[in-house]
Amino acid sequence: MFWLVWVLVSLIVWWGMNTLMTGKAGGNGWLASLIVALLGTWLGDLLLGNWLWILAGFNVFAGVIGGVVLVWLWNLVSKQLK
C-alpha cells in the first residue's frame, strides 16, 4: 500500500508542478520530470520523518514538499541547459 500512495502522490506533484511551471502536463522531458517527482517524494518522506499526515506508512505532506522542491529545481536546471 505504501508504494501505491507514493506513486499517486508523485503523479499529483508531477502533474501540478509541470502544469504550473510549463503550462502543460507533458511535453519535452516529461519522463525525466516524472522520475524527479518520484525521487523527490521518496526523499521527502525519507528525510523529513514521520509528522503530520501519514497514509499507509507514507508521509504525504513531507512527500509533497520533497517532490515540489525537487521538480522545481529540475525545471530551473533544465531551462538553463536549453
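Colleague: At what angle do helix H1 and helix H3 pack in this predicted model?

Modeller: Happy to look with you! Two packed helices are described by the angle between their axes and by the distance between those axes. Here helix H1 covers residues 2-22 and helix H3 covers residues 60-81. Their axes are 9 Å apart, and the angle is about 40°.

Colleague: Are H1 and H3 parallel, perpendicular or oblique to each other?

Modeller: Angles under 35 degrees would count as roughly parallel, and 65 to 115 as roughly perpendicular. The angle for H1 and H3 is about 40°. The two helices are therefore oblique.

Colleague: How many of the residues in the contact of H1 with H3 are nonpolar?

Modeller: On the H1 side you will find Val5, Val9, Val13, Met17, Asn18 and Met21. They meet residues of H3 including Val60, Val64, Gly67 and Trp72. The residues of this contact divide into one charged, three polar and, for the class you asked about, 10 nonpolar.

Colleague: Is serine 10 buried or exposed?

Modeller: Serine 10 belongs to helix H1. Beyond residues up to four places away in sequence, serine 10 touches Ala37, Leu38 and Thr41. Buried means under 20% relative accessible area. Serine 10 has 0% relative accessibility, so the word for this residue is buried.

Colleague: Which element gives the largest share of the largest nonpolar core?

Modeller: That core has 12 residues, among them Trp6, Trp14, Leu34, Phe58 and Val71. Two or more residues come from each of H1, helix H2 (30-48) and H3. The largest share is six residues, and the element giving them is H1.

Terms used. Residues numbered from 1 in each chain as written. Predicted model: local features only at pLDDT ≥ 70, side-chain atom pairs only at ≥ 80, totals over all residues. Heavy atoms only, no water. Axes fitted to C-alpha atoms, helices over the stretch in contact; angles between N-to-C directions. Helix = DSSP H or I, 4+ residues; strand = E, 2+ residues; numbered from the N terminus. Parallel < 35°, antiparallel > 145°, perpendicular 65-115°, else oblique. Contact = heavy atoms within 4.5 Å. Nonpolar A, V, L, I, M, F, W, Y, C, P; charged D, E, K, R; others polar. Buried < 20%, exposed > 50% of the residue type's maximum accessible area, 1.4 Å probe, protein only. Core = buried A, V, L, I, M, F, W, Y, C linked by side-chain atoms within 4.5 Å.
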